[in-house]
Amino acid sequence: MPKRSHGPAAGDTHCSIGRALEMIGDRWSLLILREALNGATRYSEFRDRLPVASDVLTQRLGVLVEGGVLDKRPYREAGARSRMAYHLTPAGRELVVVFGALQQWGDQHCPHPDGPLVRRTSRTSGHPLRVAFVDADGREAPLGDVDLGTPVEAAAVRSTPPLKDGTTDD
C-alpha cells in the first residue's frame, strides 16, 4: 500500500483542511458564501441569485449557521411578518482570502475566454490585489517555498531561537 505524503485525508478530524471542507466544501455552500461576501443576507436573495432547490438552500444555510460562518438575525419589513437574515460572522468574513485565492487560481488556470470577469482591488486605494503567503516579517514567500505539511512539533523546533554560539537548545 502506498504511503501518503501530505497528511490526513479529508474527513479526518485532525486535518484542518478536512474539517473546513466538511463545513464549506460542497458546491452550494461555496456559492452561498460567495453571495454572502457580495452582500446577500436574505433567503430570497440567495434563492434568486442561485439555481438551488429550496430544501438544499435551507439545509446549507443551517450548516453554515451551525458552523459559525453565518449568523441568523431577525428582520421585519413594514407590514410583513418577521423573517431571518444571514450575516457573515468574523470567521465567515475571513473566507474572503479563500475566495480570492480560488478566483486568482481560476483566472490563471481556467480563464474565461473574455478575460477575468471581476478584479480583486483594495477598497482604500483601488489598486489590484493578489493572494500570497507572507511570513512574519511581511515578506512574500515564493510558492515553491511553501510547505503545508510541516508537523506542529517540527515547526516549533524550527522556530526555536539559536543560542549565542548559533546552536539551539534541543
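1. Start with Arg120 and Asp107, whose side chains form a salt bridge, N to O at 3.6 Å (the term needs a side-chain nitrogen of Lys or Arg within 4 Å of a carboxyl oxygen of Asp or Glu). The two partners sit 13 residues apart, with Asp107 in helix H6 and Arg120 in the loop between H6 and strand E3 (133-134). Helices (H or I, at least four residues) and strands (E, at least two) are DSSP runs, numbered from the N terminus. Across the whole structure, the search turns up nine salt bridges.

2. A word on what you're looking at. This is a predicted model, where local features need pLDDT of at least 70 and side-chain atom pairs count only at pLDDT 80 or more, while totals for chains, interfaces and linings use all residues. Numbering runs from 1 along each chain as its sequence is written, and side-chain values use heavy atoms, leaving out hydrogens and water.

3. Now the largest pocket, at about 1,200 Å³. Its lining has 30 residues, and Arg120 turns up again among the closest to the centre, with Phe99, Gly100, Gln103 and Val118. A pocket here is an open set of points on a 1 Å grid over the protein atoms alone, where a 1.4 Å probe fits, with protein on both sides within 12 Å along at least five of seven lines; lining residues have an atom within 4 Å of a point. The volume is the space filled by probe spheres set on the points, which are joined across faces, edges and corners.

4. Who builds that lining? H6 (96-109) and H2 each supply at least two residues, and the largest share, nine residues, is from H6. By class there are 16 nonpolar, seven polar and seven charged (nonpolar: Ala, Val, Leu, Ile, Met, Phe, Trp, Tyr, Cys and Pro; charged: Asp, Glu, Lys and Arg; polar: the others, Gly among them).

5. The second largest pocket has a volume of about 950 Å³. Val97, Val98, Ala101, Leu102 and Phe133 are the closest to its centre, out of 31 lining residues. H6 again gives the most, nine residues, and the lining counts 22 nonpolar, five polar and four charged.

6. Last, H2 (residues 27-37) packs against H4 (residues 54-66) at about 75°, axes 10 Å apart, which means the two are roughly perpendicular (65 to 115 degrees). Axes are lines fitted to C-alpha atoms over the stretch in contact, and angles run from 0 to 180 degrees between N-to-C directions.

Definitions and conventions. Angles under 35 degrees count as roughly parallel, over 145 as roughly antiparallel, 65 to 115 as roughly perpendicular and the rest as oblique.
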